[in-house]
Amino acid sequence: MKLPPAVVCLLLVLVFFDAARVEGRGTPARGSRNQWSSMFVFGDDFVDNGNRPNITGEKTSRQWSYPYGSYLNSHYPTSPVLTGRFSNYRMQSDFIARMLGLHEAPPAYALTSDQSCDSSGMTFASGGAGVFKVTAKRKVPTLAAQVQAFKSLVNDGVIPTRQLHHSVALIAISGNDYMSGSDANNGFYSSFDDLDTYVGNVATEILDNVAQLQKLGVRKVLVNNLHPIGCMPLHTSSSNYTTCDLLGNYGASVHNKYLKQMLEDRDNVHILDLYTAFTDIVNHAPGGGSKDFKLNLTPCCESTYDGGYCGERSHSGKRLYELCGNPDKMFYWDQTHPTDAGWEAVMKALQQPLMEFLDEEYVA
C-alpha cells in the first residue's frame with residue numbers, strides 16, 4: 001500500500017527523532033527568600049544525576065566515566081568529580097535548584113538511603129526514560145514508574161506532607177518515546193491519524209503524570225517542552241555540523257503543540273520553553289545564534305569512530321574520543337546533551353518567566 005505524502009513525512013520525522021537522547025546534598029541557600037524549599041525531579045538524562053547504574057564498559061554508563069562530571073579547567077576542581085550527570089558539570093535541574101535557593105539538584109533516588117528524603121527533595125529521573133517503555137531500555141523506569149516511586153514514599157510518610165507544601169516538581173521528557181525501539185517505530189501505521197494520535201498520547205501521558213503529582217500535594221509543576229532535536233550533533237554530524245535537520249525540529253514542534261494545548265490553562269503548571277531557548281542559541285542561519293559559543297552545532301566530546309561514544313576507552317585504556325580545549329565555549333557537550341555553559345545559557349533565558357510563575361499565588 002502506498003502511503004500518502006503526509007504520512008511519509010511524519011514517518012521521517014519519527015526516524016529523525018531517533019536517539020534524542022535527556023549527587024550531592026542540597027540545602028536552602030542562606031538568606032533565600034523563596035518559599036519553594038523542596039524540589040522533585042522526574043524524566044530522563046537531561047536531569048538524571050545518578051539514578052542510572054554504573055556498569056563498567058557499557059555505553060549507558062558513560063556518565064560515570066571521565067570526562068563526564070566536573071571537567072578540568074580553570075573554573076572547576078583540579079580533579080574530576082563523577083556524579084552520574086550527562087554533562088561535563090551541572091545540568092538543567094542544578095540551575096533550577098539554584099533559582100529555588102538550593103545549592104544543586106536534590107539527591108538521586110537510587111543513591112539515597114531507604115526511608116529517607118533530603119530536605120531539598122529527590123531526583124527520580126533516569127537516563128533514557130520516556131513516558132512509554134522503549135524496547136532497548138526495558139529496565140529504565142518510565143515517567144509513570146518514577147511518579148509511582150514518589151507516591152510510595154509519600155504514602156509511607158518518608159516524604160512528609162509539610163514538605164510537599166513547599167515543593168516544586170520538574171518533568172523533563174526529551175524525546176525517547178520517538179526513538180528506534182519505541183512504540184512509535186514498532187507499530188504499523190496506515191494513516192497520518194495513527195501517528196498523530198501517538199504523539200498526542202505521549203503528551204496525554206505527561207498530562208496524566210502532572211495531575212498525579214498535583215493530587216499528591218506538589219504545589220508547582222514545571223514541564224519541559226521538546227528542544228529542537230534536529231540541531232543536536234547526533235543529527236548535524238551528517239552535514240559536518242553546519243545544518244540542523246528540519247524534519248526533526250518539525251517533529252518537536254508537533255509534540256510541543258499538543259503539550260501546550262493540554263497544559264497551558266492548567267493551574268500551577270508552567271511549560272519551560274526549551275525549544276525557543278535552544279533555538280536562539282544554536283541558530284545556524286547567517287547572523288543568528290549566540291556569540292558566546294563557537295561551533296554551536298558541534299560537540300565538545302566526540303568519538304574517534306562511527307558508533308563510538310564520549311568517554312569510551314579501548315581494552316588497553318586508550319582514549320577513543322576527542323575533547324575540545326574549552327567546554328565553556330561549546331554549547332553541546334556530546335552528541336545529545338548541552339555543556340554546563342550551555343545549560344547555564346538556556347536557564348538564564350528561561351529564568352524570568354520561571355521566577356514569575358513561582359512568585360504567583362498558589363491556586364488551590
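Axes here are lines fitted to C-alpha atoms, for helices over the stretch in contact, and angles run from 0 to 180 degrees between N-to-C directions. Helices (H or I, at least four residues) and strands (E, at least two) are DSSP runs, numbered from the N terminus.

Some background. This is a predicted model, in which local features need pLDDT of at least 70 and side-chain atom pairs count only at pLDDT 80 or more, while totals for chains, interfaces and linings use all residues. Residues are numbered from 1 along each chain as its sequence is written, and side-chain values use heavy atoms, leaving out hydrogens and water.

I will take the sheet next. Five strands form an open sheet in the order E2-E1-E3-E4-E5, with parallel pairing; two strands pair if DSSP finds at least two bridges between them. At the edges stand E2 (121–123) and E5 (269–272), each with a single partner strand, so one side of each has no neighbour in the sheet. From one strand to the next, the twist averages 20°. E3 (residues 167–172) and E4 (residues 220–224) pair over four bridges, and isoleucine 171 has valine 223 in E4 as its bridge partner.

Now two helices. The axes of H2 (residues 92–99) and H10 (residues 340–359) come within 9 Å and cross at roughly 40°. That makes H2 oblique to H10, since angles under 35 degrees count as roughly parallel, over 145 as roughly antiparallel, 65 to 115 as roughly perpendicular and the rest as oblique. In contact, meaning heavy atoms within 4.5 Å, Phe95 and Ile96 are among the H2 residues that meet H10, whose residues there include Trp343 and Leu354.
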